[in-house]
Amino acid sequence: MAAPAPAAGSNLHSKTLLKSEQLYQYILESTVFPREPDCLRELRVATAAHPMARMAASPDQVQLFGLLIEMLGARNAVEVGVFTGYSLLATALALPDDGKVRFPPFAGFLVVAIDVTRESYDEIGAPVVEKAGMAHKIDFRVGLALPVLDQLVAEDGNLGKFDFAFVDADKANFHHYHERLLRLVRVGGLIAYDNTLWGGSVAAPDDEALSERDRELAGIARGFNAALTADRRVQVCQLAISDGIMLCRRVA
């Protein structure tokens, strides 16, 4: 989901809370882009041309997710909110090809992707995913996230079977997604929530000029962050990457 509107001329590559654009470009050009797979670069560039490009994850964010997925030894993941599939492709690339052996209910599928529409994915992401040879790892389920997550919970063999989840969807339902994902993600697994700092507006004083929408979403983010901090079922870490990422490691 898009964060507060950026300054004119900024794009997917400048989705950051850092005050220095030069510093952020240094991070991308020195660390992220040199290690970026060609297919991921192709999808990043194609996504940046989309009018709603700010909805996509940032390049340093997907690099982090790839690292975390490999450190976890993850074999199964859930992504809530897909857009063009930029972060979805990064997740698929990080997962091993033999994941289907561990979880027979998803034979041939390693990432359950959930979105209300496939339009942007089919138009922009799917051709790149196909060319990269990653389509067999993706089970795309179209629909509202809560009913789809409830369906996953109800399916045999899914409780505690996922290693990683990424949520970048409607913020008002983050609490509800969290409860479902805590049943799907195993103890020791990770859940990552996007936009948890909402352009820095979570720390804005009451008299700061914000749009009504940004003020509302900043309040939602503050409430969600506080709820996660108080949730003893997870260990939490708030990262000032992209538009804010709250990492939750399930411990109970």
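1. Before we start, one term: contact means heavy atoms within 4.5 Å. Helices (H or I, at least four residues) and strands (E, at least two) are DSSP runs, numbered from the N terminus. For angles, axes are lines fitted to C-alpha atoms, for helices over the stretch in contact, and the angles run from 0 to 180 degrees between N-to-C directions. With that in hand, look at helix 7 (residues 145-154): helix 7 lies across strand 1 (77-80), strand 2 (111-115) and strand 3, and runs at about 150° to strand 2.

2. A word on what you are looking at. This is a predicted model, in which local features need pLDDT of at least 70 and side-chain atom pairs count only at pLDDT 80 or more, while totals for chains, interfaces and linings use all residues. Residues are numbered from 1 along each chain as its sequence is written, and side-chain values use heavy atoms, with hydrogens and water left out.

3. Which order do the strands take? Seven strands make an open sheet, ordered 3-2-1-4-5-7-6, with mixed pairing. (Two strands pair if DSSP finds at least two bridges between them.) Strand 3 (138-142) and strand 6 (234-239) are at the edges with a single partner strand each, so one side of each has no neighbour in the sheet. On average, neighbouring strands of this sheet are turned by 15° against each other, direction ignored.

4. Let's stay with strand 3 for a moment. Strand 2 and strand 3 run parallel and are joined by five bridges. Within that pairing, V112 stands opposite D139 of strand 3. Is strand 3 mostly covered or mostly uncovered? Mostly covered, with four of its five residues buried. Here buried means under 20% relative accessible area, exposed means over 50%, and partly exposed is in between (1.4 Å probe, protein chains only).

5. Elsewhere in the sheet, strand 5 (residues 185-194) pairs with strand 7 (residues 245-250) over five bridges, in the antiparallel sense. A192 faces L247 in strand 7 as its opposite residue.

6. Next, a bit of backbone. Most residues other than glycine have a negative phi. Two residues are worth checking against that. F83 has phi near 55°, a positive value, and is not a glycine. You'll find F83 in the loop between strand 1 and helix 4 (86-94), and F83 counts as buried because its relative accessibility is 11%. N195 also isn't a glycine, yet has a positive phi of about 60°. N195 sits in the loop between strand 5 and helix 9 (212-230), and is buried at a relative accessible area of 2%.

7. On to charges. Side chains of opposite charge can pair when their charged atoms come close. How many salt bridges turn up in the whole structure? The search finds 13, a salt bridge being a side-chain nitrogen of Lys or Arg within 4 Å of a carboxyl oxygen of Asp or Glu.

8. My pick to look at is R180 with D150, whose side chains meet in a salt bridge (2.8 Å, N to O). R180 is in helix 8 (residues 174-184) and D150 in helix 7, so this pair ties together parts that are 30 residues apart in sequence. R180 counts as partly exposed at 22% relative accessibility, and D150 counts as partly exposed at 34%.

9. Then there's E36. Salt bridges with shared partners join E36, D38, R41 and R44 into one network. E36 belongs to the loop between helix 1 and helix 2 (38-48). Its side chain meets that of R44 in a salt bridge (2.6 Å, N to O). Is this pair buried or exposed? Both R44 and E36 are buried, and E36 has 8% relative accessibility. Setting aside neighbours within four places in sequence, E36 is in contact with R41, R44 and Y86.

10. Compare the pair D122 and R118: their salt bridge has its closest N and O atoms 2.9 Å apart. D122 is partly exposed, with a relative accessible area of 39%, and R118 counts as partly exposed at 30% relative accessibility.

11. Last, the surface. L18, L23, Y26 and I27 make a nonpolar patch of about 360 Å². Patches are made of residues with over 30% relative accessible area and no salt bridge, where like charges are joined within 9 Å and nonpolar side chains (Val, Leu, Ile, Met, Phe, Trp, Tyr) within 5 Å. The areas come from the Shrake-Rupley method with a 1.4 Å probe; for residues, only the protein chains shown count as cover. L18 lies in the segment before helix 1 (21-32), and is partly exposed at a relative accessible area of 35%.
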